[in-house]
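Biologist: Please put up the chain, and I will ask about its elements, its surface and the confidence values.

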Amino acid sequence: MQKRFKSRFLFCDRWLDRQSIVRNMEAFQDILVIVLCLTIFAVMIIQIWGIFIALTQTLDYKYVTAKILFVLILVELFRLLVIYLQEHSISVGVAVEVTIVSVLREVVVHGALEISWIQTAAICGLLFILGSLLLVCAKTPHMDCMSANTKFCPIAYQGGRERPNEIEFRYSHQCDDNQPLT
């Protein structure tokens, strides 16, 4: 029996090259994220202009507060997209912060007294879960970039794939060296 050549059936030898397709798709995805960043920035400028106009006319605190909180949500979304462009991974902590601010904005806009008790309990439960997740993100050192292993991550980056036991945090030695003398 004659053996088939292994390279004859590999994907890279076909008319479609997997690496170039992935590279082009990542470049296209980066372009989309940049367009989203520019769009969010433009919407932020429009919203800030709307806040200044609202402040010069009759003052509606609920309206102005809702606009300010919306701008803060847009700032956090912009920050999330910038982190994605740098690391090509989503920051869980920033995403949780955006969600918390969004939920609190809805409570402020609709008024806490106008919401039913079931919705209030659901919102409290959601905020408790999001707060717990944010606490876990804060306590876990660099949870967002541990899997990414990029040069922007504070984990020692050596340019290649590393085994999990070789990963070392830069700040761990600094903390050991800077311990107070007793």
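The questions and answers below go through the model.

Modeller: This is a predicted model, in which local features need pLDDT of at least 70, side-chain atom pairs count only at pLDDT 80 or more, and totals for chains, interfaces and linings use all residues. Residues are numbered from 1 along each chain as its sequence is written, and side-chain values use heavy atoms, with hydrogens and water left out.

Biologist: In what order do the elements of the chain run from the N terminus on?

Modeller: Helices (H or I, at least four residues) and strands (E, at least two) are DSSP runs, numbered from the N terminus. The chain has zero strands and five helices. The order is α-α-α-α-α.

Biologist: How far apart are the end C-alpha atoms of H1?

Modeller: Helix H1 covers residues 18-56. The expected span is 1.5 Å times one less than the number of residues, so the 39 residues of H1 should span 57 Å. The model agrees, with the end C-alpha atoms apart by 57 Å.

Biologist: Which helix do the buried residues of H1 pack against?

Modeller: Buried means under 20% relative accessible area, exposed over 50%, and partly exposed in between (1.4 Å probe, protein chains only). In H1 the buried residues include Asp-30, Val-33, Cys-37 and Ile-40. The buried residues of H1 pack against H2.

Biologist: Is Ile-48 buried or partly exposed?

Modeller: Ile-48 lies in helix H1. Because its relative accessibility is 37%, Ile-48 counts as partly exposed.

Biologist: Where is His-88 found?

Modeller: His-88 is not a glycine, yet has a positive phi of about 55°. With a relative accessible area of 39%, His-88 is partly exposed. Its place is the loop between helix H2 (61-87) and helix H3 (92-110).

Biologist: Which element of the chain has the lowest mean pLDDT?

Modeller: pLDDT is the predictor's confidence in each residue, from 0 to 100. The chain has a mean pLDDT of 76, and 69% of its residues reach 70 or more. Among the elements, H1 has the highest mean, 90, while the lowest, 49, belongs to helix H5 (residues 170-177).

Biologist: How many contacts beyond four places in sequence does the model have for residues 161-175?

Modeller: Contact means heavy atoms within 4.5 Å. Over residues 161-175 the pLDDT stays under 50. For these residues the number of contacts beyond four places in sequence is 18.
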